[in-house]
Every structure is written in structure tokens, then in C-alpha cells.
Amino acid sequence: MADDRTAPSPTPESAPERESEPVMLLAPAQFKALGHPVRHRMVNVLRQRPATLRQLTGALGMTKGTLAYHVRVLREAGLVRLAETRQVRGGTEQYFALVSRSFQTPEDAKVGPEFLVKAALDEMLPPAPGQADHTYLRHLWLTPQEAHALAARLREQDGELAPTDSSRGEAYGLLVTLYRADIPSLEPDEDPAPAPDEG
């Protein structure tokens with residue numbers, strides 16, 4: 001007999017291959033959706049794995065009604081999809097997932113850097129005793145070519161920064177920070193109870 005606990009979403013939202021490609025943030029609705037602190041935290045939770053409203057409620061400590069609204073905003077912005085539905089005792093549970101684990105902003109987007117810095121600031125928690133916390137601001141003197149090369153290397157997360165001759169070029173700021181992030185953790189996913197055998 002077939003296992004009827006899991007029923008895939010009937011919509012194209014369930015396509016898993018989307019998760020591997022970064023999503024370029026272009027629409028104001030996307031920035032607005034991600035700019036809300038609750039939705040930003042929700043996105044960080046969903047980076048761990050797909051989750052139901054019940055699981056998000058446990059992780060974020062908010063009501064299902066409130067979280068259902070925020071999930072709807074993220075779905076309408078094209079950032080969250082319905083991954084699957086599961087039949088459980090008492091009804092159907094919907095699992096929500098990010099359309100991609102990675103979001104990017106265009107290089108020429110004026111709101112991009114400000115948006116990302118604000119997102120990082122919203123995540124920061126005060127360091128607890130004994131935990132690592134270090135933030136520093138360093139300036140590098142780079143030619144335009146060196147600056148473009150460094151930006152490309154940072155985008156690719158490739159290698160260590162090489163020493164640079166400070167006697168030429170223009171000053172570029174590089175902010176590197178290690179901080180405790182306000183990202184709630186999901187409890188382990190439980191296997192739903194099997195639906196009653198109707199046959």
C-alpha cells in the first residue's frame with residue numbers, strides 16, 4: 001500500500017531545483033518583505049530547512065495567525081514557497097521553504113549595502129560571557145583594478161586577503177564582524193502520525 005502521509009504541492013512552487021540558484025532582489029516588495037525584523041528572522045530559520053507554521057511558532061515564539069500573515073507576505077514577494085503538504089492526525093500541515101538559500105542585490109542597487117548592513121545590525125545580540133565577539137574597521141589603499149579584484153574575491157569567498165601597498169590608490173573601507181546572530185533554531189522534525197487507513 002502506498003504511503004499517503006506526504007502529498008506534494010499541486011503548484012509549481014514545489015520545484016526543488018530553485019533552491020540552488022541565488023535570487024536577485026529587484027522588486028520593492030522583496031526589500032519590504034525582508035526588511036521586517038520578524039520576516040528576516042523567519043528567513044534565517046527557513047535557511048535551516050522547510051518548516052510548518054507550528055514549527056515556526058515554536059522557534060519564533062509568536063502566534064500562528066501572526067506568522068501566517070508574514071509567510072503570506074514572503075510568498076507574495078516570491079521569496080517563500082509551499083514545499084509540500086502532509087496529512088497528519090487532525091488535518092493537513094503545510095511545509096514552507098525558501099525559494100533559494102541565497103539572496104543577492106544588483107551591484108548598482110543603492111539600497112543593497114544599506115539593506116545588508118541593517119539586516120546584520122538587526123541580528124546582533126550582545127556577547128555572552130566567554131563567547132567570541134570581534135568587530136573592527138580596517139582601511140586598504142587600492143587602485144580601482146585592485147578594488148574590483150578584491151570585490152570579486154569576496155563575492156566568491158575565495159582565499160585570504162593579500163597585503164596591499166598603501167602608497168598608491170584610493171582608500172576603501174572593509175568591515176569584518178563576528179557576532180552572535182539572533183537566529184532561532186527549529187526543533188528536530190518529527191515524523192507525522194500516519195493517517196487512518198481508508199482502504
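## Around helix H1

The buried residues of H1 are covered by elements including strand S2 (23–24), H2, H4, strand S5 (103–104) and helix H5 (111–123); contact here means heavy atoms within 4.5 Å. Helices (H or I, at least four residues) and strands (E, at least two) are DSSP runs, numbered from the N terminus. This is a predicted model, in which local features need pLDDT of at least 70, side-chain atom pairs count only at pLDDT 80 or more, and totals for chains, interfaces and linings use all residues. Residues are numbered from 1 along each chain as its sequence is written, and side-chain values use heavy atoms, leaving out hydrogens and water.

Gln-30, Phe-31, Ala-33 and Leu-34 are buried in H1 (under 20% relative accessible area; exposed is over 50%, partly exposed in between, with a 1.4 Å probe and protein chains only). Viewed down the axis of H1, these buried residues fall within an arc of 160°, so they line one face of the helix; the arc is that of the directions from the helix axis to the C-beta atoms. The face turned away from that buried side carries the exposed Pro-28 and Lys-32.

## Helix H4

Now look at H4, where Leu-67, His-70, Val-71, Val-73 and Leu-74 are buried. Down the axis of H4, its buried residues also fall within an arc of 160°, so they line one face. Gly-65 and Glu-76 are exposed on the face turned away from the buried side of H4. Just after H4 comes Gly-78, with a positive phi of about 80°.
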